[in-house]
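Welcome to this short tour. Please load the model in your viewer and keep the selection tool at hand.

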Amino acid sequence: MTPELSQDQLYRQALAAHGAELARCCAGYERDPALRQELQQELHLALWQSLKGFRGDCSLRTWVYRVAHNVGARHVQQHAGKGPMLALDEIEHLPDDRLDPGHTERRLDLQRVMALVHRLAPLDRELMLLYLEGLDAAGMADITGLSARNVATKIHRIKALLARQLAAPGSPR
């Protein structure tokens with residue numbers, strides 16, 4: 001922990017700066033609203049507890065995302081039997097009617113993207129969520145432990161897959 005800030009102060013600072021990102025992260029890991037709220041509670045508790053060991057060796061944002069990654073990955077593993085997780089190759093061949101529950105074009109696109117993201121394997125899902133939050137490959141590498149090059153390659157593949165799915169016949173324009 002940094003000497004100038006207490007655990008509670010760091011927690012409040014982390015929430016003020018990254019609370020919305022954490023909420024979106026939870027939404028990316030869990031579709032069910034009740035389970036999402038449970039995940040958020042777990043994440044907040046884990047973040048607060050972890051800040052006791054924060055020494056400032058990385059940015060607070062990186063620390064917050066590492067905790068979120070660990071809690072989210074554990075959550076996905078615990079609830080893995082609830083729905084199918086698919087490899088990128090398998091998602092590419094899903095019919096549109098399994099991904100298209102929305103109303104307006106933009107909402108429909110976002111829902112389709114999130115439906116695909118929810119079906120990704122945990123690491124691919126985490127990378128895409130971090131990408132959507134605006135992190136670069138180096139930042140994602142710090143959080144996940146992968147190399148920046150590997151992260152960039154995976155993100156490129158996931159983005160290409162999403163673009164192909166959104167451009168498929170019958171997709172909103």
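Buried here means under 20% relative accessible area, with exposed over 50% and partly exposed in between (1.4 Å probe, protein chains only). This is a predicted model, where local features need pLDDT of at least 70, side-chain atom pairs count only at pLDDT 80 or more, and totals for chains, interfaces and linings use all residues. Residues are numbered from 1 along each chain as its sequence is written, and side-chain values use heavy atoms, leaving out hydrogens and water.

Start by selecting residues 7-29, helix H1. Helices are DSSP runs (H or I, at least four residues), numbered from the N terminus. Among the buried residues of H1 are Leu10, Tyr11, Ala14, His18 and Leu22. Centre on His18: H1 bends there by about 70 degrees, the angle between axes fitted to the seven residues ending there and the seven starting there.

Next, select Leu43, Leu47, Leu51, Phe54, Leu60, Trp63 and Val67, which have the most contacts inside the largest nonpolar core, one of 29 residues. Such a core is a set of buried Ala, Val, Leu, Ile, Met, Phe, Trp, Tyr and Cys residues joined through side-chain atoms within 4.5 Å. Now pick Leu47: its contacts (heavy atoms within 4.5 Å) include Tyr11, Ala14 and Leu22, as well as Trp63, Val64 and Val67.

Finish with Phe54 and Trp63, both buried. How are their rings arranged? They pair edge-to-face, 5.2 Å centre to centre and 70 degrees between the planes. Rings of Phe, Tyr and Trp (its six-membered ring) pair if their centres lie within 6.5 Å; planes under 30 degrees apart count as stacked, over 60 as edge-to-face and the rest as tilted.

Methods: Helices (H or I, at least four residues) and strands (E, at least two) are DSSP runs, numbered from the N terminus. The expected span of a helix is 1.5 Å times one less than its number of residues. Lists of a residue's contacts leave out its neighbours within four places in sequence.
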